[in-house]
Amino acid sequence: MEAVVGIPRGLLFYEYYPWYRALLEGLGAEVVVSPDTSKQILDQGVQTAVDEACLPVKMFFGHVSYLKDRVNYLFIPRMVSVCPYEYTCPKLLGLPDMVKAGFTDLPFIIDASLDLSRRVSQVHKFVSNVARALGRSSGLAEASLKKANEVFAKYKQMLRNGVLLPKAMELIDRGSFSDGPGGFSDDRGSLSNGLTRRVKEGRDTGNLYPEAPRRAESPSDLRTIPKNGEAADCRPLRIAFMGHNYLLFDKQVGLTPMRYLEMLGAEIVTADMVADTQVEEGAGIVPKAMFWSFEKRVFGATVHLIKTRAVDGVIQFVSFACGPDSMVGQLAESVARKCGVPYLQLTVDEHTGEAGIMTRLEAFIDMIRWRQKSGEIDLSTYGVFIRPDQGTPYGSWDRGRGTPEAHPKDPLFRS
Amino acid sequence: MNTIKPVFAESGTLEVFLGIDVGSVSTNVAALDKHKNVIAESYVLTRGRPIEAIQEGMQIVKDALPVNAKVRGVGTTGSGRQLAGVVAGADIVKNEITAHAVAALHFVEGVHTIIEIGGQDSKIIILRHGVVTDFAMNTVCAAGTGSFLDRQASRLGIRIEEFGNLALRSKSPVRIAGRCAVFAESDMIHKQQIGHSLEDITKGLCQALVRNYLNNVAKGKEIRPPIVFQGGVASNVGMKQAFEEALGHEVLIPKYHKVMGAIGAAILAQDAVGEQGKTNFRGFDGVMRNYKTTGFECDGCSNRCEIVEILVEGNIVARWGSRCGKWDNVGMQDDRDAPGAAKSRPGRAHAAG
Ligand code: SF4
Ligand code: SF4
């Protein structure tokens, strides 16, 4: 009998899907992925998962419910660590156990552990365990690992090039490649085409300086508040849309707000578009090394985008009842505030109404345009302390090593 | 439903700008002259029927306006801003953060902090140099909104209007655990049973709400004076006092604190229409037409969008809710250029509101 392996479309699916898929197919399995989160899937998840779980875990349970009767294996690896000295969130560590405890009628769960915290070579153990679960040889496992790594490298490259995640996944599935930038491409048609190009260019040269915004005659002039549909004739705002990929790119959570931001005239920048070295530098402003891999990426990228003034504002999407996010969110907020960059945190759970989110997004975009047009924030002046000839663009909270102080002109910092 | 004595213009027509704020609890309408003086206002309960509430509020304002008044512009805000925009024919449809900020700036120049507590939600807006620099909204937790006080007042068997004055007479307020509305309730009953006075309990409730607000909505915000307190709950003198004690600054309450969102929308409308501009206003008679909303779930794809339709006398005049744009113009009968309605893409997304 052919092995039909289901991958729930949730959590680390949004990080590793191409790798997972190539690996499993290399082992001769047929791969089935659950569809985009629908209301039914979400409701299922809320019913089956424990109440205290975060929204992404609940949605994951919904996807498990969807798949469990359609496949003979479920691929829910225990992703302990994906990088030396770093770990994933405790909920991801215990995910296979939570799932097993939550259902009675599950197919076989492939829950091999991936733990690279001490040795990267542990990945070989992981793939051979996956192969064993499927009754395959470890020789085949090595071959499929090699293939999976190649596919994954291509996929990562696309993301760096500014291709948004859903598009990159689709391209990888079709076996094609794009050096981006691309946009969404699903039933809603293509959006954000070309929007991310500037970020990409910026990344290549290391320069992400935005042009100066227009100044209005007098501060607090109401004429500077955008009218209905006026966004189109203004300079597009570049907004960092930060958070876990499994929140940002889930159809029931982040995708609609992201699209709405684009309608309001914003270009979206995500953490995946920031290079690893920049993430490391950004995350380096906290005195202790961060040991949560995904949160580190989000935080480091946020700091990088703020410090280089690559974005006009930061929106952070966090899940209610998420431990790591509540910490990282606070850190990012304090950096944004120190630097006078508009910051909005949106906390979502299964009860969050779309209306409230849209109101906040609209108000946030209004606020940025109002601040910029009235000259209350003037991005160009911030370039001063990030010029390459002045050393590192990053300050540190350690006063001795230069501080990430805002420009003295910033009214927010006058006491 | 307080209306103000009409002010008669010296001569000719009186130019009027209307603002409509449709919230889940109340629907407020304000009429301003071109110097931004409030000349009429209304405050009616929405009761889940926003169209009727808009019509009722507009009728009150219409009756209060002098005969020579001529509407030059209309703005809408609040969670039902999109709907109100269609019903009235709005010149601008704006979120409530911006609208409240604009109104507060008009009454208190140089305001730095706006505390807004309504029946179902609460907000904080931080301004510097006359511009919004930060904000936060709570729409989920009841313990930070006016409904918290309403509930406790009815529990205690007192009218909400007396609440504030009772609180002012408190000598030693009781501490009520107010992290959550449910716990607060049981704690309050307990305090009542062990014999604390009504005055001390009401004051304790005000303090609990203020604590909730400061720890939840206003968390991490730098609250600097001048501080303006608006929204329905600002009528409660006990709340004003509790805020002043907690913040150590005077808290200003604008005369029209209940309808600030509507005032802001009216000011934005004046600005949107400009000096010579033409308004989209349907006229009071147009507003009173027979509007209906219907809806259906599209099964075109897995999004299953809930499509909302607005009908006037059987004709569809606006439709929103589709994520792909598929339904935006299908079978639309209307002649009017409904602002913020399905035609423009940004407008469509407001629809969610
Ligand atoms: S990091 Fe947060 S959102 Fe992600 S699984 Fe852990 S608790 Fe949930
Ligand atoms: S309106 Fe469009 S996006 Fe929404 S369910 Fe129908 S086809 Fe899908």
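Biologist: Where should I begin with Arg238(A): does it count as buried or exposed?

Modeller: Arg238(A) counts as buried, at 5% relative accessibility, where buried means under 20% relative accessible area, exposed means over 50%, and partly exposed lies in between, computed with a 1.4 Å probe and protein chains only. Before going further, note that this is a predicted model, in which local features need pLDDT of at least 70 and side-chain atom pairs count only at pLDDT 80 or more, while totals for chains, interfaces and linings use all residues. Residues are numbered from 1 along each chain as its sequence is written, chains are lettered from A and ligands numbered from 1 in the order in which they are written, and side-chain values use heavy atoms, with hydrogens and water left out.

Biologist: Which residue meets the side chain of Arg238(A) in a salt bridge?

Modeller: A salt bridge is a side-chain nitrogen of Lys or Arg within 4 Å of a carboxyl oxygen of Asp or Glu. Here the partner of Arg238(A) is Glu267(A), at 3.4 Å from N to O. Elsewhere, salt bridges with shared partners join Glu333(A), Arg337(A), Asp134(B) and Lys221(B) into one network, and over all chains a search of the whole structure finds 28 salt bridges.

Biologist: With which residues does Arg21(A) form salt bridges?

Modeller: One partner is Glu25(A), at 3.0 Å from N to O; Arg21(A) and Glu25(A) both lie in helix α1 (residues 13-26) of chain A, four residues apart, which is about one turn of the helix. The other is Asp173(A), whose closest N and O atoms with Arg21(A) are 3.9 Å apart. That pair links distant parts of the chain, with Asp173(A) in helix α8 (residues 165-173) of chain A and Arg21(A) in helix α1 of chain A, 152 residues apart. Arg21(A) is partly exposed at 22%, as are Glu25(A) at 38% and Asp173(A) at 43%.

Biologist: How many residues of strand β7 (residues 122-128) of chain B are buried, and which way do they point?

Modeller: In a regular strand the side chains alternate between the two faces of the sheet. In β7(B), Ser122(B), Ile124(B), Ile126(B) and Arg128(B) point one way, while Lys123(B), Ile125(B) and Leu127(B) point the other way. Seven of the seven residues are buried, so β7(B) is largely enclosed by the rest of the structure.

Biologist: Which strands pair with β7(B), and in what sense?

Modeller: Strands of a sheet pair through backbone hydrogen bonds, either parallel or antiparallel; for pairing, DSSP must find at least two bridges between two strands. Strand β6 (residues 113-117) of chain B pairs with β7(B) in the antiparallel sense over five bridges, and a hairpin through four residues joins β6(B) to β7(B). Strand β8 (residues 131-138) of chain B also runs antiparallel to β7(B), with seven bridges between them. The hairpin of β7(B) and β8(B) has two residues between the strands, and His129(B) in the turn has a positive phi of about 55°.

Biologist: How do helix α4 (residues 146-156) and helix α7 (residues 198-215) of chain B cross?

Modeller: Two packed helices are described by the angle between their axes and the distance between the axes. The axes of α4(B) and α7(B) come within 11 Å and cross at roughly 165°, the axes being lines fitted to C-alpha atoms over the stretch in contact, with angles from 0 to 180 degrees between N-to-C directions. The two helices are therefore roughly antiparallel, a label given to angles over 145 degrees, whereas under 35 is roughly parallel, 65 to 115 roughly perpendicular and the rest oblique. Residues making the contact (heavy atoms within 4.5 Å) include Phe148(B) and Leu149(B) of α4(B) and Leu198(B) and Ile201(B) of α7(B).
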